[in-house]
Amino acid sequence: MVERQLPKLKVAGSSPVIRFKMPNQNEMFGCGDKKRLRGIARSFFIIYAILVRLLYEARKTKEMSDVDAQPTDQLGRIELVKSTDERLRCAWCTNDPLYLRYHDEEWGVPHYDDILLFEMLVLEMMQAGLSFLTVLKKRERFREVFEGFDPERIAMFTGDKVEQLMSDEGIIRNRKKILATIENAKLYREIQQSMGGFSNYLWSFTGARVISRRADQEGMVPSRTELSDRLSQDLKKRGFTFVGSTICYAYLQATGVVMDHTAHCFRACELGSISSAQ
């Protein structure tokens, strides 16, 4: 007996294309039970294939409508995200609780505490090549093993401490980044002593003013600027590592030296009033 080929789903491009052949009457209503069951099975398979196609199209349509519903910038790129509490936030902020708290309470807020400024520098260094959410999830463990991000204590870490850190699964175990953190802590202390605090040094690059540049006015947030270039070059001259211009710009954003919340983000209005009052 020659078997007919069963219907197949063929994927062409990004959309599944259904190709099938309707069973003939002999297969559907043959005198034998096997033929009758075979015809019924083929019919059910055809119906199943059609339902798969319909569900795929419905899901695709919903995804497109979700994208179209979000505000976009001048380049057509999504610039805001509506979180679970219905407030508009910058696009990089997901609904992850850690990200929400970081975005709402820390990112873009002008910071002047030297310990916190060093902590944020270390976090930005650790992010290199990784997502920042990964760093945030390890932040508490970093705080424990890095002595509360106290640069004076970190500057005294020994080789044994480095090996201990390398065996700690709760942090990012990158030897170069860990060694850079220790060396940078020593240099950080030198700036503190010569400038009366790292905060004085950092804010001197803008004359103690917040650079409030609304992202939507230029269509996109840059990865580096002339300001981050100057900061990066100066830090490198002093011996710092893992302080490229891109990392420095992210650091300036995080510490509030640059206020880069998207214009319609609810935090932009709140922080804008802070910067205008200075």
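**Helix packing**

I looked up helix α8 (residues 159–166) and helix α9 (residues 175–195), which pack at an angle of about 140° with their axes 10 Å apart. Helices here are DSSP runs (H or I, at least four residues), numbered from the N terminus, and axes are lines fitted to C-alpha atoms over the stretch in contact, with angles from 0 to 180 degrees between N-to-C directions. The model is predicted: local features need pLDDT of at least 70 and side-chain atom pairs 80 or more, while totals for chains, interfaces and linings use all residues. Residues are numbered from 1 along each chain, and side-chain values use heavy atoms, leaving out hydrogens and water.

I then checked who touches whom: V162, E163, L165 and M166 of α8 meet R175, I178, L179 and I182 of α9 (contact means heavy atoms within 4.5 Å).

**Salt bridges**

I found 16 salt bridges in the structure (a side-chain nitrogen of Lys or Arg within 4 Å of a carboxyl oxygen of Asp or Glu). One of them joins D168 and R141 at 2.6 Å, N to O. D168 sits in the loop between α8 and α9 and R141 in helix α6 (residues 139–145), so the pair ties together parts 27 residues apart in sequence. I noted D168 as buried at 12% relative accessible area, and R141 as partly exposed at 31% (buried is under 20%, exposed over 50%, partly exposed in between, with a 1.4 Å probe and protein chains only).

I also looked up R230 and E226, whose closest N and O atoms are 2.6 Å apart. Both lie in helix α11 (residues 226–237), 4 residues apart, about one turn of the helix.

Key: Helix = DSSP H or I, 4+ residues; strand = E, 2+ residues; numbered from the N terminus.
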